[in-house]
Amino acid sequence: DKSKVKQMFISRFPEGRMIEADYSQLEVVVQGVLTGDTNLCKDLRAGIDFHCKRVSASRGCTYDEALEWCKNEAHIKYAVWKVFRTAAKIFSFQRAYGAGIKTIADSTGMSTVDVEALVFAETQMYPQVEEFYSDVEEEIQRTATPIRAQRDNGSWGVYRRGYYVAPTGTRYSWRSYDAPDFLRKRGITDQFSQPEIRNYPVQGTGGEFVQCILGLLIRDLISRDFYGGGMYDPAAILCNTVHDCVWYDCRDAALSTRVWQDIQPIMESIPAYYNKQHGMDITVPFPVDGEVGLNMNQLGHFTHA
């Protein structure tokens with residue numbers, strides 16, 4: 001749950017409100033963009049809540065039951081089942097960013113058996129995701145060239161560096177590391193990190209999308225004179241970004257609603273913008289949820305525009 005530390009983040013305005021505009025399941029959406037997995041993209045377009053889908057798979061209930069129990073705050077089971085969804089959310093985040101089975105189990109409180117079962121179920125549901133990571137690794141191996149690199153103990157060794165170019169044009173690089181003993185016995189001296197192979201494209205592309213949108217948001221804010229008297233007497237400010245969300249500080253509750261209505265379509269415009277600017281073919285939506293409150297710990301949802 002939210003840390004009480006977030007109560008410290010309050011508006012600079014006497015009657016002000018804080019806005020948090022958050023991409024929903026960004027890491028999963030980026031996986032859909034990069035992998036083009038047919039089933040995954042279909043679920044994204046249908047608005048499936050993947051965290052609830054994972055809860056249903058791990059708890060032996062239907063998707064509709066998981067959706068009701070995890071998200072309906074008035075339901076008697078909500079207090080318990082929202083915790084299950086949080087664990088599934090951590091699974092989703094860490095799985096997309098390359099964490100191993102044990103790390104996910106330790107972070108979520110699930111057993112390694114349950115985590116392995118979820119991973120297996122996902123490979124069956126979305127087979128093209130794993131194919132994508134295999135293709136990335138093949139490209140890294142194909143482009144790999146020798147380099148000298150320093151080990152943690154200060155000694156030097158010969159390793160390799162390989163590359164992969166994302167659809168946005170961003171070029172990612174990986175270096176290899178000493179292979180474990182059982183591989184060295186087979187004559188394999190170095191290997192690329194599997195968590196890094198899974199991590200870089202998803203985390204990097206998601207971060208690139210958000211940074212691009214921040215540029216559009218600040219330009220929009222400037223065009224509106226910061227909803228007040230310009231940057232020296234603003235009524236609304238874009239004050240922070242945290243991973244997949246942006247924070248605004250607004251003069252009052254009425255203005256916060258207007259700001260949300262202005263920024264939501266901009267944030268959700270990633271497919272149109274990247275398809276036009278980069279010749280991509282993004283077919284999945286980038287839904288954004290908005291919350292508003294007196295501080296960043298006590299927020300309530302806007303209705304979706």
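Student: The model is predicted. In which segment is the place of Val5?

Tutor: Strand 1 covers residues 17-23. Val5 lies ahead of that strand. Its place is the segment before strand 1.

Student: Is Val5 buried, exposed or partly exposed?

Tutor: Its relative accessibility is 48%. Buried means under 20% and exposed means over 50%. Val5 falls in between, so it counts as partly exposed.

Student: Which residues make the nonpolar surface patch with Val5?

Tutor: The patch spans about 320 Å². Val5 is one of its members.

Student: Now strand 8. How many of its residues are buried?

Tutor: Strand 8 runs over residues 245-250. One side carries Cys245, Trp247 and Asp249, and the other carries Val246, Tyr248 and Cys250. Both faces are covered.

Student: Which residue of strand 8 stands opposite Met18?

Tutor: Strand 1 and strand 8 pair in the antiparallel sense, over six bridges. Asp249 is buried. The residue opposite Met18 is Asp249.

Student: Which residue in strand 8 is the bridge partner of Leu238?

Tutor: Strand 7, residues 236-242, pairs with strand 8 in the antiparallel sense. Six bridges join these two strands. Leu238 has as its partner Tyr248.

Student: Which residue in the hairpin of strand 7 and strand 8 takes a positive phi?

Tutor: Two residues sit between the strands of this hairpin. The phi in question is near 60°. The residue is His243.

Methods. Residues numbered from 1 in each chain as written. Predicted model: local features only at pLDDT ≥ 70, side-chain atom pairs only at ≥ 80, totals over all residues. Heavy atoms only, no water. Patch = residues over 30% accessible without salt bridge, like charges linked within 9 Å, V, L, I, M, F, W, Y side chains within 5 Å. Areas by Shrake-Rupley, 256 points an atom, 1.4 Å probe, with all protein chains shown as cover. Salt bridge = Lys/Arg side-chain N within 4 Å of Asp/Glu carboxyl O. Helix = DSSP H or I, 4+ residues; strand = E, 2+ residues; numbered from the N terminus. Buried < 20%, exposed > 50% of the residue type's maximum accessible area, 1.4 Å probe, protein only. Pairing = 2+ DSSP bridges.
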